Amino acid sequence: MAVNLATIESVTKVYGTRALMDGVSLGVSEGDRIGVVGRNGDGKTTLIRMLAKLEEPDSGRITHSGGLQMAVLTQHDSLDPAATIRHEVIADRADHEWLGDARIRDIVEGLFGGLDLPGFADGLDTVIGPLSGGERRRIALAKLLLGEPDLIVLDEPTNHLDVEGIAWLARHLQARRSALVCVTHDRWFLDQVCTRMWDVQRGDVREYEGGYSDYVFARAERSRIEATEEQKRQNLARKELAWLRRGAPARTSKPRYRIEAANALIADVPEPRDKSELMKFANARLGRTVFDLEGVSIKAGPKHLLDHLTWQLGPGDRIGLLGVNGAGKTSLLRAMQAAYATEGDVQPAGGVIKVGKTVRLAYLSQEIAELDPETRVLQAVEQVRGRVDLGKGREMSAGQLCEQFGFGKDKQWTPVGDLSGGERRRLQLLRLLMDEPNVLFLDEPTNDLDIETLNQLEDVLDGWPGSMVVISHDRFFIERTTDTVYALLGDRRMRMLPNGVDEYLERRARMAESAAPAAAAAPAAPAKPAADTRAAKKEMQKLERQIAKLDDQESKLHAQLAEHAADFSKVAELDAKLRKVRDEKEELEMAWLELAEQV
């Protein structure tokens, strides 16, 4: 029999005049893997903070079994800003000690993308203080997973992880023996990891068996039964009224109700999108050309992200864009947006981006646009437009769309300054859609959104007729809203993936496997002191600046060659200069590669 680890008994928690928890009783036992879902603001985080005894209930009690070892990942870490990653995660173990531990290696590689921590300037010796919130969160998660707690409590652990990192974390948690309670809006992750669900709603918590998919079926079935019971009560009330008017009622047999199988709930539900109908409408709104990229090269400083990309975003295309961090996903969208905003005057480092004349682009970036904090929600939406055409004869007022995105009639009059981060994100999406764009660029649209809001957004996008590019680490959202997946794998190319996210993960795994034998075959070199590594990295940065200057010279020489094409003597002079620049650039690139191998 499973041992009970933690118990919540008749707990009540009130904020202001609102009861987040009202007499809630729950328990966590050995082997439990519990996912916590619900709308933002309904008390998910408060519930797990009380479970972990980080917050006291107003009434009721929380009990832990004797000697319970609990590890908690909150939204705010307690890392020492003056410490290094090595000190916080590896606990100052010697390199030979932790590198010889397969478990530690797996966690470091899974969360940081490699044993050398490629995203951090000084690797394990990087000081934590200047790092971003997302980087600090990964460090806190790694530190937590290196322990052996009886119960792990995680609040949004997939935030700031890419698709690979989320897949690794799911596998890692599946293999652990620790019990788990996890708040997350990542529905794929919930399905992979959890065997029970807690649904937090208006002061109550309902329990469901199974992962996210099972929870959706069970909740729909519960709603159907409750609706049936309500209909039964209404019928009984009508019969009683009739009896009061007519006297004693005639005898009738009682109706019988049966619980249908979960699959019957979706037997008559159509496909989420009528693709052919949407494609017709998109063609009518956009014409033949949306975005055409011809030989496009994109750089970020001295770094080449994409080379000679030829690609077309057509009318009605719904594209999911995956890729390793720093591969150029956001840079690609920004280059396309710049070409649109300047009517072609601003172009990338190489090649041409053509934009259709009828394109109306809306770009949801990762940064939340600031609004006047005194403006009310409804006013902020109506500033864009009073009504919106969603296609296929669907039209909504600003107020109706607000309600569909979780802003009820009372919430519509809330000042923007009083909204949470997730609510501001929802408002940003609303304002974009109210402007009736026919092309959408969505860069991490699921950040800070709860599952219910994600469902509502997906429902709106189902009937939205236009072209769309989505960058997201939320696998469920990518698979639900897009039809075709492309990937940037860090080799300056874009590839279409017919098998979607699964193929992306398989390709990344093969890349890692092919890199491992090459590293193993190389002769073992003595470990370099940290000072030598830092010096090599500084020299690499110096070379990158020199290479960037030579890139500029090369571009200018190409322009001069085109300008003086009819002057043969001038062309010969410029061609000699160009060859010299290319030779110098090649030498610098070879030197950079040698330093990279040392580092």
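This is a predicted model: local features need pLDDT of at least 70, side-chain atom pairs count only at pLDDT 80 or more; totals for chains, interfaces and linings use all residues.
The largest nonpolar core holds 119 residues, and Phe291, Trp311, Leu313 and Phe441 touch the most other members. Helix H6 (residues 163-175) supplies the largest share of this core, with seven residues. Beyond its neighbours within four places in sequence, Leu313 contacts Val290, Phe291, Ile319, Met336, Val439, Phe441, Ser467, Met468 and Val469.

The whole structure contains 27 salt bridges. Three of them are listed here.

| Salt bridge | Closest N and O atoms |
|---|---|
| Glu9 with Arg61 | 3.0 Å |
| Arg508 with Glu164 | 2.7 Å |
| Asp462 with Arg480 | 2.8 Å |

Glu9 lies in strand E1 (residues 4-15) and Arg61 in strand E4 (residues 59-64), so that pair links parts of the chain 52 residues apart. Glu9 is partly exposed, at 28% relative accessibility. Arg508 in helix H16 (residues 500-521) and Glu164 in helix H6 are 344 residues apart. Glu164 is partly exposed at 22%.

Asp462 belongs to helix H14 (residues 451-462) and Arg480 to helix H15 (residues 475-481); their bridge ties together parts 18 residues apart in sequence. Asp462 is buried because its relative accessible area is 7%, under the 20% limit, whereas Arg480 is partly exposed at 25%. Salt bridges with shared partners join Arg187, Glu458, Asp462 and Arg480 into one network.

Arg136 sits in helix H5 (residues 133-145) and counts as buried at 15% relative accessibility. Not counting residues up to four places away in sequence, Arg136 touches Asp77, Leu79, Pro81, Ile128, Gly129 and Leu131.

Terms used. Residues are numbered from 1 along each chain as its sequence is written. Side-chain values use heavy atoms; hydrogens and water are left out. Helices (H or I, at least four residues) and strands (E, at least two) are DSSP runs, numbered from the N terminus. Buried means under 20% relative accessible area, exposed over 50%, partly exposed in between (1.4 Å probe, protein chains only). Contact means heavy atoms within 4.5 Å. A nonpolar core is a set of buried Ala, Val, Leu, Ile, Met, Phe, Trp, Tyr and Cys residues joined through side-chain atoms within 4.5 Å. A salt bridge is a side-chain nitrogen of Lys or Arg within 4 Å of a carboxyl oxygen of Asp or Glu.
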